[in-house]
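This report describes one protein chain for a reader who is new to structural analysis. Please keep the sequence and the model in view while reading.

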Amino acid sequence: MKAVIQRVKNARVDVDEKTVGEISEGYLILVGVMDGDTEADAEILAKKTASLRIFTDEDDKMNKSILDIDGEVLAVSQFTLCADVKKGNRPSFINSASPDEANRLYEYYCSKLLENGVRKVEKGVFGAHMEVSLLNNGPVTILYDTEIWRK
C-alpha cells in the first residue's frame, strides 16, 4: 500500500458539489492499494501513520504524532498512486489492486487508524470523482510504501 500523508490545518473532499468528508488539523492521506497488498500491509500502515511524529512541539521540533495533538484524518483512496510510468508517457495501472480488493483494504486501513487511537477518520467516496481541498501546514508531506516493511 502507498500513502501520501500531508500535514494540514484543514481539508475536505466534495463529490457532486457536496462535502462528504471534512477535518480540522491533522492529516490528509491519499491511499493507493497495490495488487498483492494484504491486511497486514493495512495494519502496519495504520500503525505507522498514527505514530508518525510530524507535528511540532514547544521547541518547534517535529516530535508530536496525530495522537498527541488529538488530530483528525481525511483518507482519500487514489488508485493513481499505483501508476507505472516506466514506459511511454501514459501511466499504466496494471499493478493496482482490483476495485473490490482496493476498497476492502482502504476501508480496513481506515478502521485500523481508529483502532490505533485516531479519534476521527473521515473518508472520500471510493471510485468517485472527488474534489479535494486542503490547507497544507508547512508544507509537510511524507510518502509511505508498505513494501519497505515487508520481510
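## The two helices together

Helices α1 and α2 pack at an angle of about 35°, and their axes lie 8 Å apart. An axis here is a line fitted to C-alpha atoms, for helices over the stretch in contact, and the angle, on a scale from 0 to 180 degrees, is taken between N-to-C directions. The crossing of α1 and α2 is right-handed; this term applies if the near helix is turned clockwise from the far one by less than a right angle, and left-handed applies if anticlockwise. Helices (H or I, at least four residues) and strands (E, at least two) are DSSP runs, numbered from the N terminus.

From α1, the residues E39, A42, E43, L45, A46 and T49 meet R104, L105, Y108, Y109, K112 and L113 of α2, where contact means heavy atoms within 4.5 Å. By class, this contact of α1 with α2 has seven nonpolar, one polar and four charged residues. Ala, Val, Leu, Ile, Met, Phe, Trp, Tyr, Cys and Pro count as nonpolar, Asp, Glu, Lys and Arg as charged, and the others, Gly among them, as polar.

## Basis of the model

The model is predicted: local features need pLDDT of at least 70 and side-chain atom pairs count only at pLDDT 80 or more, while totals for chains, interfaces and linings use all residues. Residues are numbered from 1 along each chain as its sequence is written, and side-chain values use heavy atoms, with hydrogens and water left out.

## The chain as a whole

The chain has two helices and eight strands, and from the N terminus on its elements run β-β-β-α-β-β-β-α-β-β. Its C-alpha atoms fill a box of roughly 45 × 45 × 30 Å along the principal axes. The radius of gyration is 15 Å, which agrees with the value near 15 Å for a compact globule of 151 residues; this radius is taken over C-alpha atoms, and the globule rule is 2.2 Å times the number of residues to the power 0.38.

Of the 151 residues, 40% count as buried. Buried means under 20% relative accessible area, exposed over 50%, and partly exposed in between (1.4 Å probe, protein chains only). Among contacts with a separation of 6 or more, 72% join residues 24 or more positions apart.

## Helix α2

Helix α2 covers residues 99–115, 17 residues in total, and reaches 24 Å from its first C-alpha to its last, close to the expected 24 Å. That expected span is 1.5 Å times one less than the number of residues. After α2 comes G117, with a positive phi near 105°.

The buried residues of α2 are A102, L105, Y106, Y108, Y109, C110, K112 and L113. They pack against β3 (26–32), α1 (39–51), β6 (72–77) and β7 (120–123).

## Individual residues

W149 lies in the segment after β8 (131–145) and counts as partly exposed because its relative accessibility is 26%. Beyond its neighbours within four places in sequence, W149 is in contact with I44, L45, K48 and Y144. The C-alpha atoms of W149 and D41 are separated by 8.5 Å, although these residues are 108 residues apart along the chain.

N137 is placed in strand β8 and is buried, since its relative accessibility is 15%. P139 also lies in β8, and a cis peptide bond joins G138 and P139, with omega about 0°. D60, in the loop between β4 (53–56) and β5 (62–65), has a positive phi near 65°.
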